[in-house]
Amino acid sequence: VAVAFVGVMVWRAMNALADGRDDEARALSWPLGLAGALLVAIKQVNLVVLLLVLAAAILIAVRDPAIAPKRLLPLAASAMLPPILVYALWRYHVAAHVGGAGEFSLIPVSQWIVGKIPEILARMAAIAAKKGAYFGPMLVVVALGLRALWRCRNPLDRFALLVAVVFVGYNGFLLLTYVAFFGEGEGTRAASFWRYNMHIALLGAAFLAAAAGALWRGPFGARALPRA
């Protein structure tokens, strides 16, 4: 829920910038920062998701002619300050009182299972094939995101590009964790791949809801609603 909330707020802010409503975009940045702080407080690794959303916003600004990338700077400062502060406080707590005991940490480079990457990818694909109700629509969103990367002109293009960057980036991050954190055993079998994907699933659902609403207001709604 927190991931979806952050993603929708970034999308709204980007739409406001595209429409020249910079004051509205700035007004969204502080609530967005608080939502990002909550996201990081829930699970510290969620900082990766937050950074992916930020990267998506930068990419949207670069590809959308209605948004100048420099207009993101005032928003980024207030949006990222609270989550970074929460993360820094957590790292201080771990260093001062926990000492890293029980933390899930990077294994030595010599133990990385780089040679197992094809096997891990095959396992990830096999799991995805069994969960087509989720991965199928997300792949469609990725295709729409690639289209938006070429031509980003409207709110749905921006949302598709945002979700695509988060989905592809997050799954790339999962592959890295299997290679460099999990190691043999759990890494080779892509442990909890489906469960981890559920962390970003509602962001995809939010896009599908927005797309359904646009279709209803547009070609579907024009024919379905009775005329006065």
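In the predicted model, helix α3 comprises 18 residues and extends 26 Å from its first C-alpha to its last, which is close to the 26 Å expected at 1.5 Å a residue. The buried residues of this helix are Asn46, Leu47, Val49, Leu50, Leu52, Val53, Ala56, Ala57, Ile60 and Ala61. In an α-helix there are 3.6 residues a turn, so residues three or four places apart point the same way. The cover over the buried residues of α3 includes α1 (2-18), α2 (22-42), α4 and α7.

The loop between α3 and α4 holds Pro69, a residue that is partly exposed, with a relative accessible area of 41%. When residues up to four places away in sequence are not counted, Pro69 touches Ala61 and Val62. Ala61 is itself among the buried residues of α3. The C-alpha atom of Pro69 is separated by 15 Å from that of Trp11, and these two residues stand 58 residues apart along the chain.

The chain as a whole contains 10 helices and zero strands, and its pattern read along the sequence is accordingly written α-α-α-α-α-α-α-α-α-α. Taken along the principal axes, the C-alpha atoms fill a box of roughly 70 × 40 × 30 Å. Of the 228 residues, 42% count as buried. Among contacts with a separation of 6 or more, 75% are accounted for by residues 24 or more positions apart.

The greatest contribution comes from α7, which gives six residues. The volume of the largest pocket is about 630 Å³, and its lining consists of 20 residues, of which Gln44, Val45, Phe104, Phe173 and Phe181 lie nearest the centre. Sorted by class, the lining is made up of 13 nonpolar, four polar and three charged residues.

A pair of aromatic rings is described by the distance of the centres and the angle of the planes. By the pairing rule applied here, the model has 10 aromatic pairs. In one of them, the rings of Phe135 and Phe193 have centres 5.6 Å apart and planes at 15 degrees, so the pair is stacked. Because Phe135 belongs to helix α6 (residues 132-150) and Phe193 to helix α8 (residues 193-197), this pair ties together parts that are 58 residues apart in sequence. Phe135 counts as buried at 5% relative accessibility, as does Phe193 at 3%.

A second pair, between Phe159 and Phe207, has ring centres 5.6 Å apart but planes at 80 degrees, so the arrangement is edge-to-face. This pair likewise links distant parts of the chain, with Phe159 in helix α7 and Phe207 in helix α9 (residues 201-217), 48 residues apart. Phe159 is buried, with a relative accessible area of 1%, and Phe207 counts as buried at 4% relative accessibility. Helix α7, in which Phe159 lies, is also the helix that gives the most to the lining of the largest pocket.

Finally, Phe135 and Phe193 belong to one aromatic cluster that is formed together with Tyr134, Phe167 and Trp194.

Terms used:
Residues are numbered from 1 along each chain as its sequence is written. This is a predicted model: local features need pLDDT of at least 70, side-chain atom pairs count only at pLDDT 80 or more; totals for chains, interfaces and linings use all residues. Side-chain values use heavy atoms; hydrogens and water are left out. On a 1 Å grid over the protein atoms alone, a cavity is a set of points where a 1.4 Å probe fits but cannot get out, and a pocket is an open set with protein on both sides within 12 Å along at least five of seven lines; lining residues have an atom within 4 Å of a point. Grid points are joined across faces, edges and corners, and a volume is the space filled by probe spheres set on the points. Helices (H or I, at least four residues) and strands (E, at least two) are DSSP runs, numbered from the N terminus. Ala, Val, Leu, Ile, Met, Phe, Trp, Tyr, Cys and Pro count as nonpolar, Asp, Glu, Lys and Arg as charged, and the others, Gly among them, as polar. The expected span of a helix is 1.5 Å times one less than its number of residues. Buried means under 20% relative accessible area, exposed over 50%, partly exposed in between (1.4 Å probe, protein chains only). Contact means heavy atoms within 4.5 Å. Rings of Phe, Tyr and Trp (its six-membered ring) pair if their centres lie within 6.5 Å; planes under 30 degrees apart count as stacked, over 60 as edge-to-face and the rest as tilted.
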